[in-house]
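Please read them with the structure open.

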Amino acid sequence: MRDMREGVCPVCAHQEILETTPAEFGDGDMERVAAVTYEPRWLLGGRNPGHPHGPLRRYVCRGCGYTQLFALDPMAIPIGEGYRTALLDGPSQRAGDGRRVKTTHAAIYLGQRAVEQVWPDGSVHSVVWADPFTCSLHRSPASPDPQGRRLIHVKLQQPRPDHLAIVAFSLWISTAASLDGLPQQAASLPVVLGADAEALLGALRAHAPGWTR
Ligand SMILES: [Zn+2]
């Protein structure tokens, strides 16, 4: 389906599209921004219409009236029960040609633009490769396995407008001198194996600051 934000109607091919900002009205007819969700209230319960996330824009064809609705900045819309938003688990394109990486207890999506992790509590953390982030590495105190592979804990942190995004996992990878020099730390993180571990390692080599191997 054609995106009407390009100025062409997908139904009748008319080339005049109205961009409008829809509103919602509550008690007292006070106008509020129509959005995907709103910040939860701490004391009263429910959500606060004064703090919207994902404000909506409506696109209307002036020829036939066909209408599309889009949310602004969809990656910044928070996910969780308090927001009444949930992430549906599909073949993820959100991280940019994303692949879902198999892990022990949290979904990780690896893409050309970002790596994204859905934690068991439902929160979603995204580290965008193009923006500054830190990468800290530790090695597990456990001995290397019979194939000489060691468990390496990886923690990526990136400040986002309203939270610190954290993506963390452990990789079984072949030991090398540089890994043997890492500080030791015990951690219980989602473990990534096989081809998925190789894919994550490749992304870290390409994007992580200070990655020298
Ligand atoms: Zn039309």
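1. A hairpin connects β12 to β13 through 4 residues, and these two strands run antiparallel, with 11 bridges joining β12 (residues 149-159) to β13 (residues 164-174). Within this pair, K155 stands opposite A168 in β13. Strands here are DSSP runs of E with at least two residues, numbered from the N terminus, and two strands are said to pair if DSSP finds at least two bridges between them.

2. This is a predicted model, in which local features need pLDDT of at least 70 and side-chain atom pairs count only at pLDDT 80 or more, while totals for chains, interfaces and linings use all residues. Residues are numbered from 1 along each chain as its sequence is written.

3. β12 also pairs with β11 (residues 134-139), again in the antiparallel sense, over 6 bridges; in this pairing, L137 has V154 of β12 as its bridge partner.

4. Two backbone angles deserve a look, given that most residues other than glycine have a negative phi. A13, which is not a glycine, has a positive phi of about 65°, and its place is in the segment before β1 (17-20). A13 is exposed (12 or fewer other C-beta atoms within 10 Å of its own, with C-beta atoms placed from the backbone), because 11 such atoms lie within 10 Å.

5. The second case is D73, also not a glycine, with a positive phi of about 50°. D73 lies in the loop between β6 (67-71) and β7 (99-101), and counts as exposed because it has 11 C-beta neighbours inside 10 Å.

How values were computed
A residue is buried if 20 or more other C-beta atoms lie within 10 Å of its own, exposed if 12 or fewer, and partly exposed in between; C-beta atoms are placed from the backbone.
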